[in-house]
Amino acid sequence: MDASVAWLARLTDTEYRGKSWNGKSFRETLGLYSLEQVCSTETFEKFTVWSVVLHNMYWKWTLLCELGGNAPFSYEKKSFPALPEPANQEAWDKTLLESDAIHDAYLKILLDVNEADMDRLIPSWDCKVGEAIGWMATHDSYHVAQIRNMGIPKN
């Protein structure tokens, strides 16, 4: 693996489930909320925590597929998929497991990315692979901040 890609992969994993310098990681933050809280639309922007999780999963899955990888994504193929019905604990647990699987598959596909790949254009994104990987490294931390600012009291 190219050294610059290795650093981006490490940052991506840290922001998802590691010890982030920005505070709690994405997965650690999700553990602060109950099912009722992750489903609540009584938030500053009217988003649910669950919808933010699905959003992050979708974009990581989309980039994973652009890079030639694959993982299950059993929700609508759009930026903010609808919450599953019923939105119960079993469905939430499934979402978290699928999020972990997508994240792990994404990290695995990064092992195959080399310096030459970084300049390849992704036409549907109108950017290069390196730009998309760089963005993905910070996408989870951006949405951790959004979740923290949604106004949902922690358990």
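So, which residues does Leu 67 touch, not counting residues up to four places away in sequence? Keep in mind that this is a predicted model. Here's the list: Leu 67 contacts Tyr 106, Ile 109, Leu 110, Val 113, Arg 120, Val 129 and Ile 133.

Let's zoom out to the core. The largest nonpolar core has 43 residues, and Leu 67 is among those with the most contacts inside it, along with Leu 63, Tyr 106, Leu 110 and Ile 133. Helices α1, α2, α4, α5 and α6 each put in at least two residues. The largest share, 10 residues, is from α4, which runs over 49–66. As background, nonpolar side chains in soluble globular proteins tend to be buried together.

Okay, aromatics. There are 11 aromatic pairs in the structure. Ring pairs join Tyr 58, Trp 59, Trp 61, Phe 73, Tyr 75, Trp 125 and Trp 135 into a cluster. Trp 61 also has a charge over its ring: the charged end of Lys 77 sits there, 5.4 Å from the ring centre.

Now over to α6, residues 129–148, where you'll find Gln 146. Is Gln 146 buried or exposed? Buried, because its relative accessible area is 12%, and the cut-off for buried is under 20%. Leaving out residues up to four places away in sequence, Gln 146 touches Glu 45, Phe 47 and Val 52.

Last stop, Asn 22, in the loop between α1 and α2.

Note on methods
Residues are numbered from 1 along each chain as its sequence is written. This is a predicted model: local features need pLDDT of at least 70, side-chain atom pairs count only at pLDDT 80 or more; totals for chains, interfaces and linings use all residues. Side-chain values use heavy atoms; hydrogens and water are left out. Helices (H or I, at least four residues) and strands (E, at least two) are DSSP runs, numbered from the N terminus. Buried means under 20% relative accessible area, exposed over 50%, partly exposed in between (1.4 Å probe, protein chains only). Contact means heavy atoms within 4.5 Å. Rings of Phe, Tyr and Trp (its six-membered ring) pair if their centres lie within 6.5 Å; planes under 30 degrees apart count as stacked, over 60 as edge-to-face and the rest as tilted. A charge sits over a ring if NZ of Lys or CZ of Arg is within 6 Å of the ring centre and within 35 degrees of the ring normal. A nonpolar core is a set of buried Ala, Val, Leu, Ile, Met, Phe, Trp, Tyr and Cys residues joined through side-chain atoms within 4.5 Å.
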